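Here is a short tour of one model, from its overall build down to single residues. Keep the viewer open as you read.

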Amino acid sequence: MARKRERGFMILELLIVIVIIAILASLTVVRYLNVRDKSRIAAATYDLDCVRKFLAYYSTDYDGFPPAAATYDDLKNQMVDPRGNPYGRLPLSNTYTWISYALNPDGTYRVRIQVVDRNHTVLVATPDGVHPE
């Protein structure tokens with residue numbers, strides 16, 4: 001008598017497929033996280049460059065930079081025109097966790113921010129440009 005061959009997958013075949021899918025998924029997640037961090041750094045760089053440009057416009061109009069500020073909100077509150085209106089529209093602070101703004105003895109400034117990414121990247125803005133610390 002001929003035996004019927006049972007149809008279906010062996011447990012080993014299923015395990016191999018599951019392992020392959022897990023490896024592909026882990027590679028995809030790592031790549032996604034790297035792309036997400038790069039996009040967050042790019043967004044923070046853009047926002048910091050906008051702050052840098054507003055500081056340049058402010059210094060041109062009022063012959064100097066605003067006084068040192070402890071927080072980003074303090075800096076925004078100090079950047080006002082003579083009538084008390086906000087000087088431009090500074091970007092929201094959702095691309096970085098903290099900001100420090102200080103005046104240098106030579107009359108220039110230094111703005112430091114920490115990006116919301118896995119590596120806690122710190123960017124620095126000076127009148128010359130934005131660069132990583």
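Tyr 101 stands opposite Val 111 in strand 2, where strands are DSSP E runs of at least two residues and helices are H or I runs of at least four, both numbered from the N terminus. On the other side of the pairing list, Val 111 stands opposite Ala 125 in strand 3. Ala 125 in turn has Val 130 of strand 4 as its bridge partner.

This is a predicted model, in which local features need pLDDT of at least 70, side-chain atom pairs count only at pLDDT 80 or more, and totals for chains, interfaces and linings use all residues. Residues are numbered from 1 along each chain as its sequence is written, and side-chain values use heavy atoms, with hydrogens and water left out.

## Overall build

The protein has two helices and four strands, and reading from the N terminus the order is α-α-β-β-β-β. Helix 1 covers 11-62 and helix 2 covers 72-78.

How does the radius of gyration compare with that of a compact globule of 133 residues? The globule would come out near 14 Å, but the protein has 26 Å; the radius is taken over C-alpha atoms, and the globule rule is 2.2 Å times the number of residues to the power 0.38. Along the principal axes, the C-alpha atoms fill a box of roughly 100 × 30 × 20 Å.

## Burial, contacts and charge

Buried residues make up 28% of the 133 residues; buried means under 20% relative accessible area, exposed means over 50%, and partly exposed lies in between, with a 1.4 Å probe and protein chains only. The protein exposes about 9700 Å², with carbon and sulfur atoms supplying 60% of it. Accessible areas come from the Shrake-Rupley method with a 1.4 Å probe, and for residues only the protein chains shown count as cover.

Among contacts with a separation of 6 or more, 45% join residues 24 or more positions apart, a contact being heavy atoms within 4.5 Å. As for charge, there are 16 positive and 14 negative side chains, and the centres of the two sets lie 17 Å apart. Here Lys and Arg count as positive and Asp and Glu as negative, while His and the chain ends are not counted; each charge is placed at NZ of Lys, CZ of Arg, CG of Asp or CD of Glu.

## How the strands pair

Strand 1 (residues 96-103) and strand 2 pair in the antiparallel sense over seven bridges, pairing being called when DSSP finds at least two bridges between two strands. Tyr 96 of this pair stands opposite Val 115 in strand 2. Strand 2 also pairs with strand 3 (residues 122-126), in the antiparallel sense over four bridges. Strand 3 and strand 4 are antiparallel as well, over four bridges.

Why is strand 2 largely enclosed by the rest of the structure? Five of the seven residues of strand 2 (residues 109-115) are buried, so the strand is largely enclosed.

## Turns and positive phi

The hairpin of strand 1 and strand 2 has five residues between the strands, and Gly 107 takes a positive phi near 95° there. In the hairpin of strand 2 and strand 3, six residues lie between the strands, and His 120 has a positive phi near 55°. Strand 3 and strand 4 form a hairpin with two residues between them.

Most residues other than glycine have a negative phi. Against that background, His 120 is not a glycine and yet has a positive phi. Asp 63 is another non-glycine with a positive phi, of about 55°. Asp 63 sits in the loop between helix 1 and helix 2 and is exposed, with a relative accessible area of 73%.

Leu 103 lies in strand 1 and counts as partly exposed at 38% relative accessibility. Which residues does Leu 103 touch, not counting those up to four places away in sequence? They are Phe 65, Pro 66, Pro 67, Ala 68, Thr 108 and Tyr 109. Leu 103 and Phe 65 are 38 residues apart in sequence and 8.0 Å apart in space, C-alpha to C-alpha.

Asp 128 lies in the loop between strand 3 and strand 4 (129-132) and counts as exposed at 76% relative accessibility. Asp 128 and Arg 52 are 76 residues apart in sequence, with 9.1 Å between their C-alpha atoms.
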